[in-house]
Each structure stands twice: as structure tokens, then as C-alpha cells.
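Welcome, and thanks for taking a look at this one with me. Please keep the viewer open as you read, so that you can find each place as it comes up.

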Amino acid sequence: MAAAPAAEGAPAAPAGSNSSAESLDRLYPAVGSSKPPRKRTTSQCKSEPPLLRTSKRTIYTAGRPPWYNEHGTQSKEAFVIGLGGGSASGKTTVATMIIEALDVPWVVLLSMDSFYKVLTKQQQEQAASNDFNFDHPDAFDFDLIIATLKKLKQGKSVKIPIYDFTTHSRKKEWKTLYGANVIIFEGIMAFADKELLKLLDLKIFVDTDSDIRLVRRLRRDISERGRDIEGVIKQYNKFVKPAFDQYIQPTMRLADIVVPRGSGNTVAIDLIVQHVHSQLEERELSVRAALASAHQCHPLPQTLSVLKSTPQVRGMHTIIRNKETSRDEFIFYSKRLMRLLIEHALSFLPFQSCTVQTPQGQDYEGRTYSGKQITGVSILRAGETMEPALRAVCKDVRIGTILIQTNCNTGEPELHYLRLPKDISEDHVILMDCTVSTGAAAMMAVRVLLDHDVPEDKIFLLSLLMAEMGVHSVAYAFPRVKIITTAVDKKVNDLFRIIPGIGNFGDRYFGTDAPPDWSDDEDALST
């Protein structure tokens with residue numbers, strides 16, 4: 001792939017000397033025929049929490065969009081941008097500028113600096129005296145980098161090591177990073193491995209003058225990493241500069257785009273952003289269109305359990321569906337239905353036989369819950385109305401919350417807030433949402449629970465009312481999730497409202513006004 005100038009006709013660097021080329025044989029393949037660059041995905045892994053920061057908004061990325069079709073398979077991969085260049089060339093600054101200019105949700109930045117290998121005691125001593133080469137390919141854990149990027153590109157969560165540059169060691173704690181639409185992977189050896197190159201959709205090389213890089217490195221290592229000027233210069237002359245000449249500069253020829261002068265080249269960055277936008281538009285998939293096809297010509301799944309429609313249940317549905325019902329009555333009968341729904345759901349939990357002794361001294365063969373803990377997770381806002389009913393029948397139940405909102409431009413649900421109890425992976429989780437129309441919000445909530453290692457067959461999705469579309473969408477994506485409701489309506493109209501439906505549950509319960517374009521899923525997506 002021939003390197004293309006990003007702006008001002010800056011050519012790619014020529015290949016290195018024969019000795020340099022020999023040292024690179026195992027690191028990257030020979031350059032083949034040129035082909036157009038492809039779009040990328042970005043992820044963030046610095047010391048700050050995984051957030052997307054743009055000029056317009058800050059979006060939590062703890063979770064992922066519903067990139068899964070009705071069969072539970074991934075509908076689109078993340079777009080990965082590889083950002084290479086010498087030490088202190090401005091890679092992180094360029095990455096930040098790209099993220100700011102892209103202004104799209106679900107972008108994260110993953111730094112190669114997090115993946116330095118764990119040093120031996122002897123290597124630690126060498127590092128303390130500036131005699132260890134951190135600018136050699138062998139200093140990085142490429143196996144972990146590749147495994148991490150593969151999972152991120154597939155939309156899965158990963159654990160990222162945290163590296164302490166003052167002690168030259170990994171910290172004990174790791175941080176969790178989640179999938180995104182765009183992942184930016186930056187590092188000095190970003191193009192120095194054959195398998196790693198295969199994961200990069202777009203390769204950008206930041207080309208900055210060596211004097212500028214030295215000045216920046218001096219400033220950074222002295223102010224941020226506690227080094228002295230003599231040690232920094234020694235390390236630069238002994239390791240950094242030779243490594244750049246031998247391992248880094250030759251990889252410029254592998255880049256799709258070369259950015260001369262780094263962050264100062266706004267023309268190049270604008271061109272990159274335009275290209276990424278065009279690639280994202282080509283990959284765009286209508287999540288709701290995929291969901292809409294999920295329910296066609298399929299019987300209701302076996303994982304669905306509908307509360308028996310007794311005259312009492314039918315009567316309560318008549319009251320809460322009636323548009324003339326007062327708010328007080330709506331709340332009262334909704335709470336009654338919630339209590340019945342939760343008690344019905346508890347019958348699906350695992351129980352085991354046990355023997356107790358009655359006050360009369362007689363044995364009684366009974367049943368007891370065989371799980372470790374029950375945790376309720378409400379999808380805000382409407383889902384939290386089910387919490388009192390759960391607390392009333394489950395003593396000492398733990399509660400978590402998830403806030404999901406619909407992006408008004410894309411129509412896709414986005415995760416904005418998450419609070420889950422610790423060790424939730426060992427619990428049976430009751431996921432609560434009052435109405436489910438397309439299932440988009442419920443699917444994202446299930447995906448978040450799976451990211452926190454909750455087994456799929458330990459998740460129970462509870463809703464007062466569901467549309468067939470939402471039932472099929474959740475069931476096909478997550479076939480081991482138990483779906484429990486009091487009623488299923490057949491239709492969803494063009495605005496994704498359940499027909500005949502119940503109205504906007506959150507607004508009727510809380511006494512607020514519904515926006516003109518609400519859908520039933522947006523009961524859970526409101527603030």
C-alpha cells in the first residue's frame with residue numbers, strides 16, 4: 001500500500017537501509033499494491049476514564065450501541081485508525097483533534113503506552129538508570145495489543161493495563177474499556193507487527209521534525225515523569241533516536257496518510273476527518289430497520305412468559321390502557337400489575353429442596369432459593385417505578401440503574417449513566433423496563449450486563465407491556481434471556497409506538513408531558 005501525502009504534497013519517507021529492512025522483516029509485510037484507505041474506529045485508554053469528549057457534548061462510553069441484528073450477530077465492525085510516529089511527535093494531540101472534529105458518538109482512544117511488558121527485576125534496575133530500551137518492539141506486549149484490538153473491533157469489552165512511567169511498571173488495577181464506532185490506536189510501534197496491521201482500517205503517520213520531538217520529550221519526561229535532563233538526553237541518544245531510524249521511520253511507507261508537522265497541519269486533519277466521515281456513512285446501518293425485520297413471520301419465542309390473562313389482570317389492563325384514567329388510578333393499578341409480574345418472575349428462579357422444623361417439632365419439606373443473590377436493574381426513567389414492587393417481595397435485594405437515551409439524529413440508543421452493584425456477575429439479575437417497543441433499549445441494557453460478566457441465562461427482562469417486535473428482537477439477539485411480561489401487543493406503527501398500547505408510561509406515571517415524537521421505547525430513554 002503506497003503511502004499517500006495528507007497535505008501540501010508531503011511524500012512518504014523512503015524505506016530504510018538494508019540493515020534496517022532486515023530488522024523489520026518479522027515486523028511488517030512488504031508493501032503491496034495501493035488501495036484506498038478504509039474507515040476506522042477509535043478507543044480511549046489514557047489515565048482518564050473512557051469518555052468521548054467533543055466540542056458539543058461528553059458521552060460516556062461504558063457500554064455499546066446495539067450493533068447486533070435480530071440473530072444476535074454483529075451488524076457492523078468498529079472503524080480502527082492506527083496512528084504512528086516517533087516519540088513526542090504529537091500523536092495523542094492529533095488523535096484528540098480528530099476526535100473533536102469528527103464529533104460523532106462512541107469514539108475512544110487506545111494508547112500503546114498501556115501495553116509495555118512487565119519488567120524483570122534486572123530490567124527494572126536498568127530502567128532506573130536509563131539503560132533499558134523502551135523504544136524497541138520487544139518492549140511491547142503485541143499479543144495483548146492484538147487480542148485487545150480484536151475484541152474492541154468486535155464490540156466487546158476489554159481490560160486495559162495501567163502503566164506507571166515513574167516506576168516503569170504496571171499497576172495492580174486494570175481498567176475496563178468498551179466497544180465504539182471509531183477506535184483510534186496510537187503508539188510509536190503502531191505499524192510494527194503484521195497481525196496488528198491487519199486490524200487497522202486507516203493508517204496515519206505523524207511526521208514531526210526531530211528537534212521538535214526532542215524538545216517535547218524533554219519537557220514531558222521532566223515535568224510528568226520525574227526524570228532529570230541528563231537522563232532524558234542519554235536515553236534519547238542511546239535508544240530513542242536509533243529506534244526511530246531503525247524501526248519507526250521505515251514504517252512510514254506503510255501509512256495511508258502522512259501528516260507533516262503533526263498537530264500544526266490542520267489541512268491534513270480536515271482531510272482525514274472528511275474521509276472517516278465518508279467511510280462511516282458507507283457503513284451506517286439502520287438499527288431499527290434491522291429490528292423491524294426481526295419479528296416477521298416468526299412464532300413467539302419459548303423464552304417468553306406472559307402472565308396469565310385472568311379477569312383481574314384483564315381488568316387492570318383495561319384501566320391503565322384507558323386514556324381517561326386519572327393519574328392516581330394509573331399509578332395504583334400499574335403498581336398492582338408490577339407486583340404480580342415480579343412474583344410471577346420469581347417462579348423462574350432456581351430453587352432446591354430443603355427441610356425445616358415447624359414450631360410443633362415436625363419436619364416440613366420445602367424449597368429455598370439456590371442462587372447467591374438477586375439484583376434488580378432498572379432502565380431509567382420508567383423502569384425505576386418497578387423497584388418498590390421488587391423490594392416488597394425480595395428482602396435485601398440490590399438495585400442498579402442504567403440510563404439510556406435515544407440520539408435524535410441517528411435514532412440509536414446511547415448509554416449515558418451506569419451504576420451496578422459489585423460482583424453482579426454472580427447474581428440473578430431482574431432487568432426492569434415498563435414498556436418495550438422495538439427492544440433497542442432493552443438490547444443495549446442486556447449487552448451492558450453481559451459486559452459485566454452476568455451470564456445470559458441469569459438475566460430476566462421484565463416489562464408490563466411489550467410489542468411482538470421487541471420480543472423477537474431481544475429473543476433472537478439473546479436467546480437465553482428470559483422475557484417476562486403481562487401482555488404482548490401485535491403491532492408497532494411507523495413512529496414505533498405500540499398499538500393499541502398503553503401510551504407513554506413515564507409521562508402518565510410521573511405526570512409529565514410527552515414530546516410529539518415519542519416512542520414506547522423512549523419511556524426508558526427519557527431523562
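Below are some numbered points, going from the whole chain down to single residues.

1. **What kind of model this is.** Please keep in mind that this is a predicted model. The average pLDDT over the chain is 75, and 76% of the residues reach at least 70. Residues 1–73 have a pLDDT below 50, although this stretch makes 244 contacts in the model beyond near neighbours in sequence. Residues 285–295 are also below 50, with 25 such contacts. I would read both stretches with their scores in mind.

2. **The chain as a whole.** You will find 15 helices and 25 strands here. Of the 527 residues in the chain, 55% are buried. Taking contacts between residues at least 6 apart in sequence, 75% of them join residues at least 24 apart. The exposed surface comes to about 23,100 Å², and carbon and sulfur atoms provide 51% of that.

3. **The largest core.** In soluble globular proteins, nonpolar side chains tend to be buried together. In this model the largest nonpolar core contains 44 residues, and Phe140, Leu149 and Met189 have the most contacts inside it. At least two residues each come from strands E6 (107–111), E7 (158–164) and E9 (182–186), and likewise from helices H4 (142–153), H5 (194–198) and H7 (229–248). Helix H4 contributes the most, with 5 residues.

4. **Asp193.** This residue sits in the loop between E9 and H5. Is Asp193 buried or exposed? Its relative accessibility is 14%, so Asp193 counts as buried, the cut-off being under 20%. The side chain of Asp193 comes to 3.0 Å from the backbone nitrogen of Glu195. A polar atom of that side chain is also 3.1 Å from the backbone nitrogen of Leu196.

5. **Cysteines.** A disulfide is a covalent bond between the sulfur atoms of two cysteines. How many disulfides does the structure hold? The count is 0.

6. **A cis peptide bond.** Where Ile499 meets Pro500, the peptide bond is cis, with omega at about 5 degrees. Pro500 belongs to the loop between strand E25 (498–499) and helix H15 (505–510).

7. **Two aspartates with positive phi.** Asp396 is not a glycine, yet its phi is positive, at about 60 degrees. Asp396 lies in the loop that runs between helix H12 (387–393) and strand E16 (398–406). With a relative accessible area of 58%, Asp396 is exposed, because the cut-off is over 50%. Asp423 also has a positive phi, near 55 degrees. The loop holding Asp423 is the one between strand E17 (413–419) and strand E18 (428–432). Asp423 has a relative accessible area of 55% and so is exposed.

How values were computed: Residues are numbered from 1 along each chain as its sequence is written. This is a predicted model: local features need pLDDT of at least 70, side-chain atom pairs count only at pLDDT 80 or more; totals for chains, interfaces and linings use all residues. Side-chain values use heavy atoms; hydrogens and water are left out. A nonpolar core is a set of buried Ala, Val, Leu, Ile, Met, Phe, Trp, Tyr and Cys residues joined through side-chain atoms within 4.5 Å. Buried means under 20% relative accessible area, exposed over 50%, partly exposed in between (1.4 Å probe, protein chains only). Helices (H or I, at least four residues) and strands (E, at least two) are DSSP runs, numbered from the N terminus. Contact means heavy atoms within 4.5 Å. Accessible areas come from the Shrake-Rupley method with a 1.4 Å probe; for residues, only the protein chains shown count as cover. A disulfide is a pair of cysteine sulfur atoms within 2.5 Å. A polar contact is a pair of N or O atoms within 3.5 Å; within protein, one must be able to donate a hydrogen and the other to accept it, and residues adjacent in sequence count only if both atoms are side-chain atoms. pLDDT is the predictor's confidence in each residue, from 0 to 100.
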